[in-house]
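Me: Please go through this structure with me, giving the criterion behind each term you use.

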Number of protein chains: 2
Amino acid sequence: MKQRPYNFSAGPAALPAEVLEQAAAEMLDWHGSGMSVMEMSHRGKEFISIAHQAEADLRRLLAVPPNFHILFMQGGGLAENAIVPLNLSGGAAVDFVVTGSWSQKSFKEAKKYCDAQLAATNTADDGSHTTLPDPASWKLRRGARYLHVCSNETIHGVEFQELPDLKALGSDAPLVIDCSSHILSRSIDWSRVGLAFAGAQKNIGPAGLTIVIVREDLVGHALPACPSAFDYKTVAEHGSMFNTPPTYAIYIAGLVFQWLLRQGGVAELERRAVQKAELLYGAIDASGFYSNKVAPDCRSRMNVPFFMPDERLYALFLAGAVERGLLQLKGHKSVGGLRASIYNAMPLEGVQALVSYMTEFQARHG
Amino acid sequence: MKQRPYNFSAGPAALPAEVLEQAAAEMLDWHGSGMSVMEMSHRGKEFISIAHQAEADLRRLLAVPPNFHILFMQGGGLAENAIVPLNLSGGAAVDFVVTGSWSQKSFKEAKKYCDAQLAATNTADDGSHTTLPDPASWKLRRGARYLHVCSNETIHGVEFQELPDLKALGSDAPLVIDCSSHILSRSIDWSRVGLAFAGAQKNIGPAGLTIVIVREDLVGHALPACPSAFDYKTVAEHGSMFNTPPTYAIYIAGLVFQWLLRQGGVAELERRAVQKAELLYGAIDASGFYSNKVAPDCRSRMNVPFFMPDERLYALFLAGAVERGLLQLKGHKSVGGLRASIYNAMPLEGVQALVSYMTEFQARHG
């Protein structure tokens, strides 16, 4: 088939064409079962085999230790902003590091359930988020039930290149990371993490699936107000099947996990992410026309917001991009400009095509 | 293509083959967009057109009045068991009619949030649910914030043939119906209903999508503990896009809605449901071998649990059924026996094939 367009959406985002082709081929009859995966009882042996394989593959890809549960949930990151404090806060002290829109939302929602307090922020006087606060400066409260960090801010394009080591900073609090937009693009040091959550729709699969990876000892302490369907203990005890799980989304995520393993796993995907990000940031920085405002050591490998010197050029840029099969490059409304999300499913060729178009556009309009 | 097997799963359940064929054909490129529906930003014009069409078609199919919101949510019926009282109870009195496992679960979960009390039940001394309590006998509390009914109990196969008229019973409480397993198989009298919810995975589409249809005046009264992502007001104000909605599930549901309209709408589907149910219950009652224990005027048109006189026959029956392309007929573990779920997507020919096999099986083993 001819080359598909390159889709730079921040999420729901591009999926590997191989995965979509397999899903289309299996749509009416999964492995001779006579059923679409959508039509299977979640209690039947067919779907249970799909869910178990997906969980095992994810565990392998991210080297998740045996004392962590992998939960398949619903509601995305915005729901987890409530579900995490409902499960982990005990209504007590929780510290937040605010580094962009997503952690800001998490902080605000948590205040409904606990004594949430700001440990650090990168918010500049003009409201922008272009750096990351040094962990050594964070105000960590003794007895805080956890510390929340968004390890990659999708909208502002800032990413922790290393997770903070809270123990080394003198804190016993488990680290909670919202890693929605860079999960599976780099390894996770589980010795530093108590809970990681991710909406699937950025770097995994279809919207409607949320991945929660949580250390066993943090489960079983939910507030009375926590809905049963979102109590990690209930979800874990029922193997993510207390309520009917989003079966088709789990199946697609499982196909993505198998695709990732075929590519060489997270180490290989990280190598590619570095290569793609260096190409794009390098082109931006060298252009003297495009700009990215994030400090180089805080730049996200996944989400690259960038700007031009003249507001009137954006509509023209976007229209020309679509003509060349470069889709969904408009920046988030709160930040403006352009944004290229270059998740695992984006091949190097897609970034090369974008850079080539950027050069051409600058030559004509710069 | 050759005849697909007939899939009697209670949910996730069979979908029309036409819908699956269209989904497979559009998987890599929806309407020339170059994207799978899974890959589209939920804020983009392509997906917004899909979501708007799905909502408009559902509104038309069920004749939903303009003063009701249609919300696309996540978490299924079990999550709504918490989300409804979080939104509607105000922590005050709520009445429940318990007619099977699902309403029992709703009742239990609501106790976490409000003064939930039993208005009526059909629970027999042996724990079975085979009738429906006469609304004239219900204990309706003055000032109750709502009355909850499960209008079709998937596991026990009892269905309200008419929704109770609470006003005529002297109550001002809005009626809340969990109609997960028979939505779109019959019309809904909205003058009697304040809120209807349904997990999509039985009679609509893929698991992971929950439909909530709620009267405007009931929105905006959520308890402080309600997560923002599940506050009906927040969801309604954002057109079901406060958090990223389960986009692909909404797309498939939309294809099902269009299929339903092509069939002739809910009136035609109801006619077919009556025909299919009469055929199957008729065969059971006439057999002297198979039995269904539900009182005839309470029998579900969608979910038909049935039994044989000898426990040892079930494994044999199920194995022979699979050989004939009759899938997922095992009864729910809490009830045992067999169960045929004959939702909208099940053609009359599927029920005919089942009845024919039942006759053959009885001739050999009866």
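**Contacts, sheet and backbone**

Reply: In this predicted model, 55 residues of chain A are in contact with 55 residues of chain B, where contact is defined as two C-beta atoms, placed from the backbone, lying within 7 Å. Residues are numbered from 1 along each chain as its sequence is written, and chains are lettered from A and ligands numbered from 1 in the order in which they are written. Because the model is predicted, local features need pLDDT of at least 70 and side-chain atom pairs count only at pLDDT 80 or more, while totals for chains, interfaces and linings use all residues.

Me: What makes up the side of chain A that touches chain B?

Reply: The elements giving two or more residues to that side are α1 (17-25), α3 (76-88) and α6 of chain A. Elements here are DSSP runs numbered from the N terminus: helices are H or I with at least four residues, strands are E with at least two. α1(A) gives the most, five residues. By type, the residues of this side of chain A are 30 nonpolar, 20 polar and five charged. Nonpolar covers Ala, Val, Leu, Ile, Met, Phe, Trp, Tyr, Cys and Pro; charged covers Asp, Glu, Lys and Arg; the others, Gly among them, are polar.

Me: How do you know how the two copies are related?

Reply: Chain A can be laid on chain B by a turn of 180° and a shift of 0.0 Å along the axis, with an RMSD of 0.0 Å. The superposition is by least squares on the C-alpha atoms of residues with pLDDT of at least 70 in both copies. The two copies are thus related as by a two-fold rotation axis. In chain A, the C-alpha nearest that axis belongs to A:A24, 2.2 Å from it.

Me: What separates the domains within chain A, and how do they touch?

Reply: The domain assignment gives domain 1 (20-262) and domain 2 (264-365) of chain A, with bounds taken from an automatic or database assignment. Their C-alpha centres lie 26 Å apart. In contact are 25 residues of domain 1 of chain A and 22 residues of domain 2 of chain A. On the domain 1 side, β7 (158-159) and α6 (247-263) of chain A are the elements that give two or more residues. That side divides into eight nonpolar, 14 polar and three charged residues.

Me: Why are β2 (68-73) and β4 (115-121) of chain B said to stand at the edges?

Reply: Seven strands of chain B form an open sheet of mixed pairing, in the order β2-β10-β9-β8-β5-β3-β4. Two strands pair if DSSP finds at least two bridges between them. β2 and β4 of chain B each have a single partner strand, so one side of each is left without a neighbour in the sheet.

Me: Why is β9(B) called mostly covered?

Reply: Five of its five residues are buried, a term for residues with 20 or more other C-beta atoms within 10 Å of their own; 12 or fewer is exposed, in between is partly exposed, and C-beta atoms are placed from the backbone. B:L195, B:F197 and B:G199 point one way from β9(B), B:A196 and B:A198 the other way.

Me: Is A:H31 buried or exposed, and what about B:L184?

Reply: A:H31 has 11 C-beta neighbours inside 10 Å and therefore counts as exposed. A:H31 sits in the loop between α1 and α2 (45-61) of chain A. B:L184, in the loop between β8 and β9 of chain B, has 25 other C-beta atoms within 10 Å and is therefore buried.

Me: What is phi in A:H31 and in B:L184?

Reply: Phi is near 50° in A:H31, a positive value in a residue other than glycine. For B:L184, likewise a residue other than glycine, phi is positive and near 70°.
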